[in-house]
Amino acid sequence: MILTNQELADIFDRIADLLEIKGEVIYKTLAYRKAAESLRGLAEDAAVLQGQNRLTEIPGVGKAISEKISELLTTGKLGFLEKLEQEVPPTLTELLQVPDVGPRKAALFWKQLGVTNLAELEAAARDGKLRSLPGMGEKSEKRVLEGIEALKRRPKRRLLGNVRPAALRMLDWLRAQPGVEKADLAGSLRRWRATIGDLDLVAASNSPTEVMQAFTSQPEVLRVLGQGENKASVELKDGMNVQLWVQPPERYGTLLQFVTGSKDHNVRLRELAQKKGLSLSEQSIKESNGTERLYAEETAVYAAFGLPWIPPELREDRGEIPAALANKLPNLIEVSDIRADLHTHTTWSDGTASIQQMAEAAIHLGRKVLAITDHSGGLGVAQGLSIERLRQQRLEINQVQERLGEQIVLLQGSEIEIHADGSLDYPDDVLAELDIVIASLHTSLRQERAVITARLLRAMRNPHVDVIGHPSGRLMPNREGADLDWEQVLAAARETGIALEIDALPMRLDLDEVYARRAAEMGIPLVIDTDAHAPDQLELMEYGVSVARRAWVGPESVINTWESERLLGWLKKRQ
DNA sequence: GCCGTTTTCGGCCCGACTGTTTTCAGTCG
């Protein structure tokens, strides 16, 4: 069994948690966290890098951590971790999930009370045993209990697509408050991360106290977690945590920059500041003599370090600061670049709208090409089309095309099922009749790596297949994607010229940003589709575009930004 | 534990807020 980059990253985060509780110097734990984060952003399997003796090329991975990766990949175990788990009870890391409980308090509860897991902590708090510990009191004990309750109510991370509409409503509310001059979404929401923990908002105001007061007394607020001059934090009734940060307008640029993050991006930027004898915070940039420079605009903050403005989607410490320094930031794709949607469903399979309704909605959004790609017969749950029904559908598509004339080009396609053995659901002569063929994995996703990779490769090598739909098959937050050998998948994509899809449904966002970036670097064509099952889902395109932007992808790599003639020519040539 | 156009050793980002404290530790982002 081969450990994935994600699994390795989880192990190093776990080591960091245990080392922190143990009381190891902070920089050691930070080193493990940095290595974990790098592994998550890495498109090449660590196992491949190990084989080539290139593990230390991973940022934040040196001698010690590379040896641990090798040991894990070779034996599946890690002596260092096993020894650590003898010293610190492994279940103790549960305590770190509780708000306001960090490594020091977890260690305190363990050493003084023998607490080793969440249930024991809750019991100790209920028995009033926490209040008498050093540095603790009745209020702290109550906060721990409330934190445990909040943990039970709240899912860990939510999907961007579920959070964003509500966040935009709250932003509108904030902008309408008296005394608020400017306000924006910040944090992972502004960076368009696929999943969101807490919600961060920033505002510019000269009357922060009033703004904070209004914020914490909204009817949706369940409880106030903290409230000061510059910052307030609340838990909403639905379990969501929201932070609001306020500075006067002349400091808004540094505030927005700071709260947007990511944390790692900010650390890099502050290192850069230090080298120039400056100190960056959410308040200002300070010179070494203490003189403050104030920035109302975020662009000016970056300019102060000689950098162009960096789009928030890139701020993950994945090379964006060196790229900005060299003036080599990518020209990112925009939603307005999108001309076609090549993956949609109608009532012919499991969609809720007719071909005509979907086409009209697509025209309304300015699409020039729309592919109707209902499921093939094999996917029983989605009422896939038999060959006979597929041919009937062509007639209706032709009729709708006639009615709509030149407003849009309709294509007939299929989202065809890849069987467990890699064969496809329709015979080749039927596939040849279609304008576009998207092959997707929906079933038997748990096959082991060699099997499912060979299965996908077989489908990719069918010359009628134009696109691989949502390649990993993941459904967030619960279903992991297939355990594919991405080296082979990407190599096959390059060899066959097939396009890989970024599915824009917020629960998919698949390809993810890590592999989308690698694919684009390899010159593999990408396509961003909504996979819409209803007219309003055609608007979800922006989520797919956000993945491409986070993957440093420009419009040229994405075939549905191309002029219609070029796109149709590409499809025709593939046949 | 990592890393180097200031360094192979000595650094490693910065501030708000809370609760427990009489000046600070812990947590968080």
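Predicted model: local features only at pLDDT ≥ 70, side-chain atom pairs only at ≥ 80, totals over all residues.
Chain A is divided into four stretches: domain 1 (5–153), domain 2 (158–247), domain 3 (252–325) and domain 4 (335–574).

**What the protein meets on the DNA**

- Tyr32 places a side-chain N or O atom 3.5 Å from a phosphate oxygen of DNA strand B.
- Ile65 uses its backbone instead: one of its backbone N or O atoms lies 3.1 Å from a phosphate oxygen of DNA strand B.

**Which elements build the DNA surface**

- Several helices each supply at least two residues of the surface near DNA strand B: H2 (26–40), H4 (63–75), H6 (103–113), H8 (138–153) and H13 (263–275).
- Strands S5 (221–227), S7 (241–247) and S8 (278–280) each supply at least two residues as well.
- Which element gives the most? Helix H13 does, with 5 residues.
- By residue type, this surface holds 15 nonpolar, 15 polar and 17 charged residues.

**Where domain 1 meets domain 2**

- The centres of domain 1 and domain 2, taken over C-alpha atoms, are 29 Å apart.
- On each side of this meeting, 4 residues are in contact with the other domain.
- About 370 Å² is buried between domain 1 and domain 2. Carbon and sulfur atoms give 31% of that area.
- In domain 1, Arg143, Glu146 and Arg153 lose the most area to domain 2. Together they make up 82% of what that side buries.

- How many salt bridges cross the interface of domain 1 and domain 2? There are 2.
- Arg153 and Glu235 join their side chains in a salt bridge, with 2.8 Å from N to O.
- Counting polar contacts between domain 1 and domain 2 gives 3 residue pairs.
- The side of domain 1 that touches domain 2 has 3 charged residues, 1 nonpolar residue and no polar ones.

Definitions and conventions:
Residues numbered from 1 in each chain as written. Chains lettered and ligands numbered in written order. Heavy atoms only, no water. Polar contact = N/O pair within 3.5 Å; in protein donor to acceptor, adjacent residues only side chain to side chain. Helix = DSSP H or I, 4+ residues; strand = E, 2+ residues; numbered from the N terminus. Nonpolar A, V, L, I, M, F, W, Y, C, P; charged D, E, K, R; others polar. Domains from an automatic or database assignment. Contact = heavy atoms within 4.5 Å. Buried area = accessible area lost by both parts, 1.4 Å probe. Salt bridge = Lys/Arg side-chain N within 4 Å of Asp/Glu carboxyl O.
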